[in-house]
Number of protein chains: 2
Amino acid sequence: MGPEEETEDEQLVKEIEAIMAYKFKDSKLVVEALIHPSYYYPCKPEITYERLEFVGDAVLNCLVAREVFTSYPELPPGPLTRLRAANVDTEKLARVAVSHGLHRFIRHKAPQLEKQIQEFMESLLEYPIHSNGLLDPPKILADIVESLLGAIFFDSNSSLEIVWEVYRRLAEPLINPETLGKHPVSELHELCQKNRMELRFLKETWTEDTSIEVLVDGNSVGSATYGNKKEIAQNRAAKAALDWLKNALADHDPPSDSQSDP
Amino acid sequence: MGPEEETEDEQLVKEIEAIMAYKFKDSKLVVEALIHPSYYYPCKPEITYERLEFVGDAVLNCLVAREVFTSYPELPPGPLTRLRAANVDTEKLARVAVSHGLHRFIRHKAPQLEKQIQEFMESLLEYPIHSNGLLDPPKILADIVESLLGAIFFDSNSSLEIVWEVYRRLAEPLINPETLGKHPVSELHELCQKNRMELRFLKETWTEDTSIEVLVDGNSVGSATYGNKKEIAQNRAAKAALDWLKNALADHDPPSDSQSDP
């Protein structure tokens with residue numbers, strides 16, 4: 001390693017330490033946590049963030065499980081699981097990464113990554129809070145949050161408390177039972193059931209992208225198209241249908257205690 | 001709580017402490033860790049093992065992730081994940097439960113449970129080591145190992161080291177890269193690919209149970225039927241096909257360096 005490269009690493013470590021508010025004993029862990037498998041291309045990658053990400057993911061799940069268990073002693077296991085998931089899923093972690101600028105430090109040779117990250121950051125303007133399945137964030141953004149937490153876990157001699165302090169600060173506000181949104185597909189199912197409406201999801205055949213159409217009582221009330229990811233298309237179609245349906249139900253069935261101005 | 005019931009709880013705690021080699025400060029956690037949702041039937045269960053299991057599962061995943069990461073510094077993330085999974089999956093944990101007699105302390109009102117546990121224990125005679133997907137253990141056996149580990153985690157003030165000491169002793173020998181078996185479906189795919197054979201899995205229609213037939217180059221070489229769980233039927237059919245195929249390949253293609261007696 002030349003002196004110039006050494007300085008680059010040192011600079012990287014300093015900036016990451018400032019963001020994470022944690023001082024590393026073993027700064028090699030920081031560098032490792034940010035190396036994408038493409039970085040050594042065309043050579044075989046010797047070190048990538050993936051091993052640290054594997055551990056960081058498990059540590060984070062453990063910490064958030066403990067947090068929701070102790071914060072909500074009355075909450076049954078089902079809602080506990082959903083609450084944990086929302087606080088550690090790809091979208092939540094990708095938001096953490098970009099809001100603290102961690103994506104700037106990824107070492108990679110995958111040119112499309114920059115564009116994907118840029119697009120995700122732009123879509124956050126449209127979805128300022130967790131979208132519950134409408135966004136498709138680049139997984140690498142979540143991965144590096146996990147790998148950096150894994151690095152801190154080992155560097156701190158397996159201290160759960162230190163890792164938790166770091167993540168809690170980076171991730172605030174954590175999603176709680178009040179801010180935990182409903183998944184659009186579940187919400188649409190509930191709404192249709194309540195109003196005795198027949199709900200169907202149809203997938204367009206013969207198209208390259210995945211197009212999903214939502215039919216309620218036989219009428220198309222929402223649709224969405226999204227590359228090759230059926231789940232995103234389905235969630236967005238459900239969201240469009242929900243918006244339409246709520247509007248329609250409000251028009252036909254104004255609440256009796258409405259106090260709106262004439 | 002009457003004095004008799006108190007004695008029963010005390011007895012329970014003592015026996016669990018002996019098995020886990022851990023002395024609880026808060027013995028209510030032990031009781032909670034062993035209450036199946038059926039126990040309070042027909043009343044709504046107030047306390048069940050499920051919340052502790054949720055945390056215990058996450059703690060165990062974290063501990064085994066750390067263990068395989070540090071024990072095998074050269075192992076890529078894929079094999080790390082498989083190694084972790086094998087040491088925390090339902091079969092491994094169910095084996096831990098029955099080998100230490102933990103199943104005797106489950107508080108439930110689900111009569112079929114006893115029979116399922118009995119059948120699982122009998123099947124262990126046929127499969128003395130991890131079956132890699134051929135067995136279908138009652139999930140509750142894995143659940144109570146996780147809930148008891150969750151109980152120790154909270155009782156020990158979130159000490160990863162204490163929980164790890166307990167689990168390592170209960171679970172030994174841990175599965176390592178040498179003892180990690182292959183999944184029969186993957187192994188069959190590899191074997192067929194290597195020998196340029198066409199492999200197909202067919203599912204019998206019109207039957208109530210799930211029946212899977214394995215065809216290699218158009219010939220049925222293995223089959224299995226298993227209730228409504230396609231995965232178990234598929235794994236067992238693959239295992240039968242593997243046994244048949246290995247035999248057939250050995251007969252047709254004896255190794256040239258064979259030193260068998262005439």
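Below are some questions and answers about this predicted model.

Q: How many helices and strands are there in chain A?
A: Reading from the N terminus, the elements of chain A go α-α-α-α-α-α-α-α-α-β-β-β-α. Its C-alpha trace spans about 70 × 50 × 35 Å along the principal axes. The tally for chain A is 10 helices and 3 strands.

Q: What share of the residues in chain A is buried?
A: Take contacts in chain A between residues at least 6 apart in sequence: 60% of them join residues at least 24 apart. Chain A has 262 residues, and the buried part of them comes to 48%.

Q: What relates the two copies, chain A and chain B?
A: Chain B can be laid on chain A with an RMSD of 0.1 Å, using a turn of 180° and a shift of 0.1 Å along the axis. The two copies are therefore related as by a two-fold rotation axis. The same surface serves both copies, since the contact residues of chain B recur in chain A at 100%. So the relation to note is a two-fold rotation axis.

Q: Which elements of chain A do the buried residues of α10(A) pack against?
A: Helix α10 of chain A covers residues 230–252, and its 23 residues reach 32 Å from first C-alpha to last, close to the 33 Å expected. Its buried residues include A:Ile232, A:Ala233, A:Leu242 and A:Leu245. The partners they pack against are α9, β1, β2 and β3 of chain A.

Q: How far from B:Glu146 is the nearest side chain of opposite charge?
A: B:Glu146 sits in helix α7 of chain B, residues 139–155. Leaving out residues up to four places away in sequence, it touches B:Leu52, B:Glu53, B:Gly56, B:Asp57 and B:Leu93. B:Glu146 is buried yet has no salt bridge, and the nearest side chain of opposite charge is B:Lys139, at 6.0 Å.

Q: Which helix of chain A holds both A:Glu91 and A:Arg95?
A: These two form a salt bridge, A:Glu91 to A:Arg95, with closest N and O atoms 2.9 Å apart. Both A:Glu91 and A:Arg95 are buried. They are 4 residues apart, about one turn of the helix, and that helix is α5.

Q: Which residue meets B:Asp9 in a salt bridge?
A: B:Asp9 lies in helix α1 of chain B and its partner in the loop between α5 and α6 of chain B, so the pair ties together parts that are 98 residues apart in sequence. Both members of the pair are buried. The N to O distance is 2.8 Å, and the partner is B:Arg107.

Q: Where in chain A is A:Pro173 found?
A: The peptide bond from A:Glu172 to A:Pro173 is cis, with omega near 0°. In chain B, the bond from B:Glu172 to B:Pro173 is cis too. As for A:Pro173, look in the loop between α8 and α9.

Q: Is B:Trp206 buried or exposed?
A: B:Trp206 is in the loop between β1 and β2 of chain B. Its phi is near 65°, a positive value in a residue other than glycine. With a relative accessible area of 87%, B:Trp206 is exposed.

Note on methods
Residues are numbered from 1 along each chain as its sequence is written. Chains are lettered from A and ligands numbered from 1 in the order in which they are written. This is a predicted model: local features need pLDDT of at least 70, side-chain atom pairs count only at pLDDT 80 or more; totals for chains, interfaces and linings use all residues. Side-chain values use heavy atoms; hydrogens and water are left out. Helices (H or I, at least four residues) and strands (E, at least two) are DSSP runs, numbered from the N terminus. The expected span of a helix is 1.5 Å times one less than its number of residues. Buried means under 20% relative accessible area, exposed over 50%, partly exposed in between (1.4 Å probe, protein chains only). Contact means heavy atoms within 4.5 Å. Lys and Arg count as positive and Asp and Glu as negative; His and the chain ends are not counted. A salt bridge is a side-chain nitrogen of Lys or Arg within 4 Å of a carboxyl oxygen of Asp or Glu. Copies are superposed by least squares on the C-alpha atoms of residues with pLDDT of at least 70 in both.
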